[in-house]
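Here is a short report on one protein model. Look at the structure first, then read on.

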Amino acid sequence: MASIRRFALAGLAIAVALLAPGLARAEDHVTFGLDWKAEAEYGGYYQALASGIYRRHGLDVTIRQGGPQVNQTQLLLAGRLDFTISSNSFLALNFVQQKLPFVAIAAMFQKDPSVLIAHRGQGHDSFAALRGQPIMIGADTRAGWWNFLRAKFGYSDSQIRPYTFNLAPFLHDKAAVQEGYLGSEPFSIEEATGEKPVVLLVADAGFAGYASLITTSRKLTEDKPELVQRFLDASIEGWYAYLYNDPTPGNALMKKENPEMTQPLLDYGRRVLKQHGIVDSGDTEKLGIGAMTAARWLEFFQSMQQAGLYPKDMDWRSAYTLRFVDKGVGLQMRPKTP
C-alpha cells in the first residue's frame, strides 16, 4: 500500500510540474531598474509586483528606482541589472552607435510623454507660436527631441535656456516656457497656481519616437530567451491591470517606495496616460502593449539621421528586436471598444 501511495504522489508531482511549471521550480530572480522614482508612469510594473503577476510567471522581481544621481545604464553594463527602462528611442540607437551590446525588447510607451509647458494668456499656445521664444530644456532634451522641433518648426539653439528641474523660475515668470513630463509638472504647476498651464505634447506634433523602452543585454536574450519572454509578458499584463482594473495594489506599493508620491498625483498620472494613449494606442490595439514595428523604427531613424544625429549607414535595426513583442499578450484584458 505504501509503495502504491508513493507512486500516486510521484505521479501527482509530475502532473503539477507539467501543468504549472512556475509552481514546480524556484522562482527566477530578476532585477529591473527604472529611469526615475516610483510614479504612475511605472504603474504597470508595480501592479505586476504587488498583485502577484510576476510571481505567477515564475519570477522574483526586484524593482530599483532611478533618480538624478542614478545611472541605470552603467548598472546594466556592469551586470547588476537584468533589465532597465530606456527613456526614449535615442538611447537604443545610441547603444548601436557606441557599439554597446544592449537591445530594446519592447516600447511600453507608444507616445513620448515629453511636453512643453507655458502660461495661459501669453500667446504660447502652439509649437509654431514658440518659434524664437526662450525655452528652458535640459541637456538630454537638447540632444534628443529638441532636434525634431528645430527641424519641423524652425527652432534655433539660441532659444535654449538651462532647465534645472526646479519649477520656481517658471512660476515666477509668466512669459516662461519649459520642458516637462505629461504626468508630473502640469499637475504641480496647477496645484501651485490654481490654473491649468498650456501643455503641448511633443508626440502630438508628429514626433515618432517610442518612450519607456525595456532594454536588456543581447546575451540575456540569447542565453535565456524564455526568462526574457516571461518578464515581458508579466510586465505587459501588469500594465493592462494597472490601466483598466483596480490600480490600488500598484499605487500602494509606489507610495511605499516613494513617500513623496501622493494619491492625487498618482490618479492624475494614470488618467493622462489613458487619455492621451501613451501606453495603449495605435499598434497596441492589435499587437498588444509594448508593440514595436520596423516601419516606425525606420521613420524615427530617418528623421533623426536627416537632423544630423546619426550616420546614414548606421545599422539602426540592431537597436531593437521584435522577437518578444507583437504577440497580442494581454489583449483579452483590454476593455472592448464600442
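Just after helix α10, Gly-194 takes a positive phi of about 80°. Helices here are DSSP runs of H or I with at least four residues, strands are runs of E with at least two, and both are numbered from the N terminus. The model is predicted: local features need pLDDT of at least 70, side-chain atom pairs count only at pLDDT 80 or more, and totals for chains, interfaces and linings use all residues. Residues are numbered from 1 along each chain as its sequence is written, and side-chain values use heavy atoms, with hydrogens and water left out.

Helix α10 spans residues 185-193, and its buried residues are Glu-185, Pro-186, Phe-187 and Ile-189. Buried means under 20% relative accessible area, exposed means over 50%, and partly exposed lies in between (1.4 Å probe, protein chains only). The cover over the buried residues of α10 includes β5, α9, β8 (177-181), β9 (198-201) and α14.

Helix α8 covers residues 146-153. Trp-146, Asn-147, Phe-148, Leu-149 and Phe-153 are buried in α8. Their cover includes β5 (114-118), β6 (135-137), α7 (139-142), β7 and α16 (294-306). Just after α8, Gly-154 has a positive phi of about 75°.

## The nonpolar cores

In soluble globular proteins, nonpolar side chains tend to be buried together. A nonpolar core is a set of buried Ala, Val, Leu, Ile, Met, Phe, Trp, Tyr and Cys residues joined through side-chain atoms within 4.5 Å. How many residues does the largest nonpolar core have? The largest core has 99 residues, and those with the most contacts inside it are Tyr-45, Phe-83, Trp-239 and Trp-297. Helix α12 (residues 225-244) gives the most to this core, with eleven residues. Apart from this core lies another, of five residues, including Leu-75, Leu-76, Phe-95 and Phe-102.

Now take Tyr-45. Contact means heavy atoms within 4.5 Å. Leaving aside neighbours within four places in sequence, Tyr-45 is in contact with Phe-32, Leu-34, Tyr-54, Ile-63, Ile-85, Met-108, Ser-212, Ile-214, Ser-235 and Trp-239.

## Helices that cross

Two packed helices are described by the angle between their axes and the distance between the axes. Axes are lines fitted to C-alpha atoms, for helices over the stretch in contact, and angles run from 0 to 180 degrees between N-to-C directions. Helix α3 (residues 43-50) packs against helix α13 (residues 248-257) at an angle of about 105°, with the axes 7 Å apart. Therefore α3 and α13 are roughly perpendicular to each other. Angles under 35 degrees count as roughly parallel, over 145 as roughly antiparallel, 65 to 115 as roughly perpendicular and the rest as oblique. On the α3 side are Gly-43, Tyr-46, Gln-47, Leu-49 and Ala-50; they meet Pro-249, Gly-250, Leu-253, Met-254 and Glu-257 in α13. By class, this contact has six nonpolar, three polar and one charged residues. Ala, Val, Leu, Ile, Met, Phe, Trp, Tyr, Cys and Pro count as nonpolar, Asp, Glu, Lys and Arg as charged, and the others, Gly among them, as polar.

Helix α14 (residues 263-275) meets α12. Their axes come within 10 Å and cross at roughly 105°. These two helices, α12 and α14, are therefore roughly perpendicular to each other. Trp-239, Tyr-242, Leu-243 and Tyr-244 in α12 meet Leu-266, Arg-270, Leu-273 and Lys-274 in α14. The residues of this contact divide into six nonpolar, no polar and two charged.

## Two buried residues

Thr-31 sits in strand β1 (residues 28-33). Is Thr-31 buried or exposed? Thr-31 is buried, with a relative accessible area of 7%. Thr-31 and Leu-81 are 50 residues apart in sequence, yet 5.2 Å apart in space, C-alpha to C-alpha. The side chain of Thr-31 makes a polar contact with the side chain of His-29 (3.4 Å). A polar contact is a pair of N or O atoms within 3.5 Å; within protein, one must be able to donate a hydrogen and the other to accept it, and residues adjacent in sequence count only if both atoms are side-chain atoms.

His-57 lies in the loop between α4 (53-56) and β2 (59-64). His-57 is buried, with a relative accessible area of 19%. Not counting residues up to four places away in sequence, His-57 touches Arg-230, Asp-233, Ala-234 and Glu-237.

## Two exposed loop residues

Lys-99 is in the loop between α6 (89-97) and β4 (102-109). At 73% relative accessibility, Lys-99 counts as exposed. Phe-165 is in the loop between β7 (160-162) and α9 (168-171), and is exposed, with a relative accessible area of 60%.
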